[in-house]
Amino acid sequence: MSNEHITLTAGDAEVDVLPGNGGRVGGLRVGGTELLRQGERFGCFPMVPWCGRIRDGRFLDGARVRQMPLNAPPHAIHGTTREGAWKVARVADGEAVITYDLVEPWPYAGRVTQVVALTPDSLSLTMSVETYDDSFPAQIGWHPWFNRNLGGEGAEDVRLDFAPAWQEERGDDHLPTGNRIEPLPGPWDDCFGMPDGVDVTLTWPGQLELKVSSREEWVVVYDEQEAAVCVEPQTGPPNGLNTLPRLVTPLEPLEATTLWSWRRL
């Protein structure tokens with residue numbers, strides 16, 4: 001992986017963009033405090049051209065069955081771009097634009113563009129998938145690892161606040177069954193529906209409040225790990241290439257944005 005490292009600053013906020021490491025946001029610091037987990041599973045990576053698990057790594061494209069590598073056996077998980085090196089298109093004041101050309105094992109030609117834009121009190125991530133050739137199903141999402149605790153004397157763990165319309169019932173295989181149920185209490189590794197748009201607030205009491213929002217209506221919340229909490233806006237549910245495909249065509253790219261906005265407490 002390339003060691004390319006872009007740091008954007010705005011006010012007392014800093015974000016690291018790592019094009020060579022899967023197009024990932026490596027860190028986000030506000031007033032010197034790191035909000036994203038560091039270490040082996042760190043930062044925030046883009047999930048594209050699919051999000052979460054694909055059942056048995058297989059999806060249908062018309063009558064053709066496509067097989068993806070089983071990187072989370074028995075399933076395929078989180079797309080193909082997080083292991084790849086993205087290219088830098090441009091870096092300007094508070095903004096970086098990076099691109100990734102889809103290659104094997106993904107069977108279709110296409111380009112992913114991600115725009116990372118920082119202001120003193122927000123970070124926006126916008127991703128688009130476009131094709132100049134065959135149409136294909138795709139999904140877009142982001143997988144941030146927010147620190148459960150920001151440290152400091154007497155620091156309390158983060159609190160999650162959101163009001164989903166439903167929860168996707170999860171089967172023993174970790175995939176949605178297709179049934180929608182009343183939201184259950186955590187801990188979660190679950191997909192929720194928010195038809196008015198994703199709106200999840202993370203509060204580190206006495207320190208910081210951060211709101212994750214998106215016009216998309218799907219969010220996966222994963223808080224089963226001790227060190228981190230994941231709030232993942234995406235354009236469809238897990239296994240969505242099979243159950244709710246969004247088509248990328250030469251005339252119509254797939255685009256999504258998530259905005260993280262924060263304030264000191």
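This is a predicted model: local features need pLDDT of at least 70, side-chain atom pairs count only at pLDDT 80 or more; totals for chains, interfaces and linings use all residues.
Me: Which strand holds Glu232, then?
Reply: Glu232 belongs to strand S24, which covers residues 228–234.

Me: Is Glu232 buried or exposed?
Reply: Glu232 is buried.

Me: Which side chain of opposite charge is nearest to it, and how far away?
Reply: That side chain is Arg53, at 8.1 Å. A salt bridge requires a side-chain nitrogen of Lys or Arg within 4 Å of a carboxyl oxygen of Asp or Glu, and Glu232 has no salt bridge.

Me: Which side chain makes a polar contact with Glu232?
Reply: The side chain of His143 does, in a polar contact of 3.4 Å.

Me: What else does Glu232 touch?
Reply: Leaving aside residues up to four places away in sequence, Glu232 touches Met47, His78, Trp142, His143, Pro144, Trp218, Val219, Val220 and Tyr222.

Me: His78 is on that list; where is His78 found?
Reply: His78 sits in the loop that runs between strand S9 (76–77) and strand S10 (87–92). This residue is buried, because its relative accessible area is 10% and the cut-off for buried is under 20%.

Me: What is the phi of His78?
Reply: Phi of His78 is near 65°, a positive value in a residue other than glycine.

Me: Which other residue has a positive phi although it is not a glycine?
Reply: Asn239 has one, at about 65°. Asn239 lies in the loop between S24 and helix H1 (240–243), and S24 is the strand that holds Glu232.

Me: Why is Asn239 classed as buried?
Reply: Asn239 is buried because its relative accessible area is 6%, and buried means under 20%.

Me: Now Arg41; where does Arg41 lie?
Reply: Arg41 is in the loop that links strand S4 (33–34) to strand S5 (44–47). This residue is partly exposed, with a relative accessible area of 40%.

Me: What does Arg41 touch?
Reply: Arg41 touches Trp145 and Gln225, with residues up to four places away in sequence not counted.

Me: And how far apart are Arg41 and Trp204?
Reply: Arg41 and Trp204 are 21 Å apart in space, C-alpha to C-alpha, and 163 residues apart in sequence.

Me: Let us step back to the whole chain; how many helices and strands are there?
Reply: The protein chain has 1 helix and 26 strands.

Me: What does the radius of gyration say?
Reply: The protein chain has a radius of gyration of 18 Å, which agrees with the value near 18 Å for a compact globule of 265 residues. Along the principal axes, its C-alpha atoms fill a box of roughly 60 × 45 × 30 Å.

Me: What percentage of the residues is buried?
Reply: Buried residues make up 56% of the 265 residues. The accessible surface of the protein chain is about 11,700 Å², with 46% belonging to carbon and sulfur atoms.

Me: And what about contacts between residues at least 6 apart in sequence?
Reply: Of those contacts in the protein chain, 61% join residues at least 24 apart.

Notes:
Residues are numbered from 1 along each chain as its sequence is written. Side-chain values use heavy atoms; hydrogens and water are left out. Helices (H or I, at least four residues) and strands (E, at least two) are DSSP runs, numbered from the N terminus. Buried means under 20% relative accessible area, exposed over 50%, partly exposed in between (1.4 Å probe, protein chains only). Lys and Arg count as positive and Asp and Glu as negative; His and the chain ends are not counted. A polar contact is a pair of N or O atoms within 3.5 Å; within protein, one must be able to donate a hydrogen and the other to accept it, and residues adjacent in sequence count only if both atoms are side-chain atoms. Contact means heavy atoms within 4.5 Å. The radius of gyration is taken over C-alpha atoms; the globule rule is 2.2 Å times the number of residues to the power 0.38. Accessible areas come from the Shrake-Rupley method with a 1.4 Å probe; for residues, only the protein chains shown count as cover.
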